[in-house]
Each structure stands twice: as C-alpha cells, then as structure tokens.
Amino acid sequence: MSSVMKLSDAPAHQTKTVKPNLLTVEDAKALDIKKMNELFTEHMNPGQLHFMKLLGFHKIKIERAEGMYYFDQNGRKILDFFGGFGSLAFGHNHPRILEARRKFAEEKRQEIAIAFLSQYATALAANLAACSPGDLDMVFLGSSGSEAMEAAIKVAERAAGPNRPKIVYAENSFHGKTKGVLSITDGALYRGQFKLTDNTVRVPFGDIDAIELAFKSDPSIGTIVLETVQGGGGIIEAPAEFWPKLRALCDKYGVLWVADEVQCGFGRTGKFYAFEHYGVVPDVTALAKSLGGGKAAVGAMIASRDVYMKAYGTSKTAMIHAMATFGGIGEASITSIEALNVLYDEGLIDNSAETGDYLIEKLRELQAKYPTLLKDVRGRGMMVGLEFHDFSQTLPMVLRPVVAALDDKLKGSLPGFIGSHLLRDHGVLVAFTEYNRNVIRLEPPLICTSDNVDEFITALDEVLSRGVVKIVTDFVRAQVG
C-alpha cells in the first residue's frame with residue numbers, strides 16, 4: 001500500500017494560518033527616514049545605501065510628486081532633471097493618465113485576460129504600429145526594457161535562422177540586466193562573472209568599417225543590436241552618416257538591425273524614435289521607460305511583419321515567445337494608450353526638441369564660462385550629457401601632474417559632488433552614467449519648460465561658481481556635519 005498521503009487524507013481540522021507581522025499601506029506611508037534606512041539595509045541592498053549616503057539621497061523621504069517636482073518630508077520642492085532614466089516623459093502624476101486609470105479601476109475592468117483577446121492590449125499594439133515608421137507593425141508587450149530587448153533579440157535570431165545565430169553589439173552598450181541581453185551589455189560590473197552566451201561579436205560604437213569587416217569575415221552573423229543614442233555610455237551619438245550606411249550594410253549582407261530605443265525613444269530626442277532623425281528604419285526596435293506613462297511598467301518590442309512572421313508566423317511556432325502573464329495587463333495597457341495620446345495631444349515631442357535646444361544652448365554658455373570644469377555638452381531633445389574634465393585638469397597647472405595619476409580613481413567624484421550640492425542646496429535632482437563616470441545625465445520630463453531650464457541653469461551656475469576647491473571642501477563638510 002502506498003505511503004503517499006493524498007490531499008483528501010489530510011487532517012480535517014488544521015491549525016489556522018497565522019498572519020505574519022505585516023506592514024500595512026498606511027504603515028508604509030508613515031515610515032520615517034531612520035526606519036526606511038534600516039529596512040533598506042536589512043532587506044534590500046546595503047551596498048547601494050553607501051552610495052546614496054555619499055550623495056545625500058538617504059536623508060530624503062518623498063511624500064508626493066507632481067509635474068516637474070518631487071516634494072520631500074519637509075515640503076521642499078525638488079526639480080526633477082533625472083526623470084527616472086527617461087521614464088517620466090509626462091512628469092509625475094499627469095492628470096489625464098491618473099483619470100484614465102481611476103476610471104478603469106472604478107469600472108472593474110479586467111486585468112489578467114490571457115485566456116481571451118484583450119481589447120486593451122490589441123488597441124495598444126495598434127497604436128504602437130501607427131506611431132512606428134515603415135513596416136514596423138508587429139508588437140510584443142512586456143513589463144520592462146530588458147524584457148522588450150529579450151524579445152527583440154529572440155525574434156531576430158529566429159528570423160535570421162539557425163545558421164546565423166551571432167549578434168554584433170557595441171562597446172559601452174547597455175541593453176539590460178537579464179541574462180540574455182546581459183551578453184550584449186558591455187559592462188564588467190553588470191556582467192559580474194555570470195556565464196553568458198558566447199554567440200556575440202563586439203565592435204566600437206559608430207564604426208561602420210569595423211561592422212562591415214565583421215559582416216564580411218563571419219557569415220554566421222545574423223543580427224546587429226545598437227542603442228541609437230548610448231545612455232549608459234555617456235549620451236553618445238554616432239555620426240549622422242553612420243545610420244544610412246548601417247542600413248545599407250545590413251541589407252547587403254542580410255543582417256537584421258535591432259534598434260534599442262528603450263531610453264532614447266518615445267519622443268525623448270525630439271522625434272518619436274531617435275533613428276527617425278536619420279531617415280532610416282530598423283528591422284526590430286524596442287520601447288519601455290515612458291511607455292508606461294510614469295505609472296505602469298510597460299515594455300514593447302516592435303518588429304517588421306516579415307521578420308515576425310519568419311520567427312513565429314505559423315501555428316507550430318506562434319507560442320515560442322507568446323505574451324507573458326503580465327504582458328498587456330489591462331490597466332498597464334490603458335495607461336500606455338492614454339500616454340501615447342497625451343504625447344501627441346500636448347505636443348510633447350516638439351517641446352522636447354525646442355526646450356532641449358534651449359537647455360543645450362544654456363549649458364554651452366556655462367561651458368564657455370567654466371572651461372576648466374566643463375569638457376563637453378552633447379545630446380538632443382531631453383537627453384543631454386554634461387561631461388566634466390578629469391579631476392587633475394580642473395586644478396591649477398602646477399598641481400595637475402601630481403593629481404593626474406589619480407584621475408581614474410577619482411572619475412565620477414566631481415559630478416557626484418556637484419550632484420550632491422544641487423540636491424542639498426538647490427533642490428535639483430540629476431543623474432549619472434554607467435560607463436563614463438565624468439558625465440551628468442539630464443533626462444527631464446518632456447513637459448519641461450524654459451522656466452524649468454532657467455531654474456536648473458541658475459542652480460548649476462551657482463555651484464560651479466564656487467570653483468573646484470570649494471566644491472570639494474563643501475562636500476567634505478557636509479559628509480562630516
């Protein structure tokens with residue numbers, strides 16, 4: 001007789017499940033700074049807290065956010081020129097997006113409907129196809145940029161065929177942290193000694209000759225994956241002539257081009273897609289970040305019909321990479337539908353171009369004013385990089401040779417000091433970049449106005465006017481104070 005107990009054999013009267021000591025929503029809302037730091041250390045990422053403390057982020061509790069501003073526990077406004085790495089095109093809590101979500105919830109509309117067709121997921125897919133040029137019209141919905149990029153490289157590899165599995169990617173690329181796209185993310189920190197796929201070929205970003213050499217020498221290359229603007233690399237653009245040449249090379253050698261627009265897309269550079277500046281269309285692209293309207297986690301892969309049908313076009317292959325449980329979830333889909341409509345109704349793509357030009361103009365005036373501090377201003381629209389000189393180059397000539405040996409170790413320190421002062425003294429939040437640590441990354445919401453730019457420039461001017469010695473000494477005093 002079997003000794004395995006059936007469910008029906010379980011005791012009829014079991015001990016009642018005891019609820020653990022759970023925090024409620026109201027408890028979470030009421031947490032103070034000390035308790036937040038404690039819980040972050042105990043249950044999240046204690047190492048990360050070290051860097052938050054250096055910048056003073058650990059002292060701030062955000063109570064609410066609206067438009068271009070956060071509001072902290074003291075009611076202080078913080079101007080958001082960080083923008084969640086490009087996730088907040090509409091600023092914080094855009095009223096139309098809030099209203100769409102409120103109405104959806106009040107009507108008790110369906111969230112998970114993967115057994116049926118979803119009117120919301122299909123409408124979102126249709127909208128994305130309408131916003132996309134050329135024959136980019138087949139959509140896969142997910143929950144993040146990494147998931148969208150995973151779908152992008154998978155559809156390309158399937159369409160390229162089993163004899164062409166290799167993928168070309170660029171130096172200083174960032175495509176996500178999940179294991180598939182980590183293989184084409186060019187950062188030792190993120191790779192972290194994980195065992196990654198080896199079907200990849202690395203080339204310098206924007207080097208058309210290196211790409212053609214790779215295509216010529218290795219016929220097993222079927223895909224090339226590039227960010228149109230490298231975000232983590234320090235807001236880096238390829239020369240304008242690179243993109244038409246890339247399109248021509250891909251057509252010549254039968255290689256599929258995947259354009260990663262997760263950070264630079266959705267109107268951020270003054271076009272819906274950054275590649276539209278160059279009059280070219282990739283075979284596959286990906287969006288995320290602001291696609292969720294600042295209120296939902298949404299990512300999307302958009303492929304040409306030809307590529308998609310080669311990969312998943314039959315009943316036997318259709319389910320190889322079908323939508324995941326939360327891909328196209330109801331409220332997320334309607335949030336993105338409303339976000340796309342707001343993007344065009346409020347002219348935010350044009351505003352990004354125009355106000356972005358004004359931001360770059362004002363930053364270049366500061367560069368001329370502080371040439372020993374500011375090395376470069378670059379970007380377009382609301383995706384701008386502000387690069388500082390190596391630390392030694394900011395010092396008097398006599399000190400430079402002595403300090404130059406420490407430049408690599410000191411990379412990122414000056415932008416960090418300046419970012420800390422902007423937050424502490426002026427209530428302005430900025431971001432940084434993964435690979436070139438001397439760059440401050442500016443990705444404000446696309447609702448940004450010239451007045452917001454002036455507020456930011458005034459704050460940055462005041463900090464830079466202190467000079468490097470006072471910037472450093474003020475930072476040290478703040479750390480020990």
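This is a predicted model: local features need pLDDT of at least 70, side-chain atom pairs count only at pLDDT 80 or more; totals for chains, interfaces and linings use all residues.

Visitor: Where is Ile320 placed?

Guide: Ile320 sits in the loop between helix 12 (305–312) and helix 13 (330–345). Helices (H or I, at least four residues) and strands (E, at least two) are DSSP runs, numbered from the N terminus.

Visitor: Is Ile320 buried, exposed or partly exposed, and why?

Guide: Ile320 counts as partly exposed because its relative accessible area is 41%. Buried means under 20% relative accessible area, exposed over 50%, and partly exposed in between, with a 1.4 Å probe and protein chains only.

Visitor: Which residues does Ile320 touch?

Guide: Not counting residues up to four places away in sequence, Ile320 touches Arg158 and Tyr312. Contact means heavy atoms within 4.5 Å.

Visitor: What about Thr325; where is that one found?

Guide: Thr325 is also in the loop between helix 12 and helix 13. With a relative accessible area of 42%, Thr325 is partly exposed. Residues up to four places away in sequence aside, Thr325 touches Ile112 and Ile114. The C-alpha atoms of Thr325 and Ile112 are 7.4 Å apart, although 213 residues separate the two in sequence.

Visitor: Let us turn to the helices. How do helix 7 and helix 12 cross?

Guide: The axes of helix 7 (residues 145–160) and helix 12 come within 8 Å and cross at roughly 75°. Axes are lines fitted to C-alpha atoms, for helices over the stretch in contact, and angles run from 0 to 180 degrees between N-to-C directions. Helix 7 and helix 12 are therefore roughly perpendicular to each other; angles of 65 to 115 degrees count as such, those under 35 as roughly parallel, those over 145 as roughly antiparallel and the rest as oblique.

Visitor: Which residues make that contact?

Guide: Helix 7 contributes Lys154, Val155, Arg158 and Ala159, and helix 12 contributes Val307, Tyr308, Lys310, Ala311 and Tyr312. By class, the contact of helix 7 with helix 12 has six nonpolar, no polar and three charged residues. Ala, Val, Leu, Ile, Met, Phe, Trp, Tyr, Cys and Pro count as nonpolar, Asp, Glu, Lys and Arg as charged, and the others, Gly among them, as polar.

Visitor: Next, how many cavities of 30 Å³ or more are there?

Guide: A search of the whole structure finds one cavity of 30 Å³ or more. On a 1 Å grid over the protein atoms alone, a cavity is a set of points where a 1.4 Å probe fits but cannot get out, and a pocket is an open set with protein on both sides within 12 Å along at least five of seven lines; lining residues have an atom within 4 Å of a point. Grid points are joined across faces, edges and corners, and a volume is the space filled by probe spheres set on the points.

Visitor: What lines the largest cavity?

Guide: The lining of the largest cavity consists of Leu124, Leu141, Gly142, Ala297, Val298, Phe326, Gly328, Ala332 and Ser333. Strand 4 and helix 13 are the elements that give two or more residues to this lining. By class, the lining has six nonpolar, three polar and no charged residues.

Visitor: And what is the volume of the second largest pocket?

Guide: The second largest pocket has a volume of about 600 Å³. Of its 23 lining residues, the closest to its centre are Leu117, Ala121, Thr122, Met323 and Gly327. Helix 6 (119–131) and strand 4 (136–142) each give two or more residues to this lining.

Visitor: Finally, what is phi of Phe85 near?

Guide: Phi of Phe85 is near 55°, a positive value in a residue other than glycine. Phe85 lies in helix 4 (residues 83–86) and is partly exposed, with a relative accessible area of 29%.

Visitor: Is Phe205 buried or exposed?

Guide: Phe205 counts as buried, at 16% relative accessibility. Phe205 lies in the loop between strand 6 (200–203) and helix 10 (208–217).

Definitions and conventions:
Residues are numbered from 1 along each chain as its sequence is written. Side-chain values use heavy atoms; hydrogens and water are left out.
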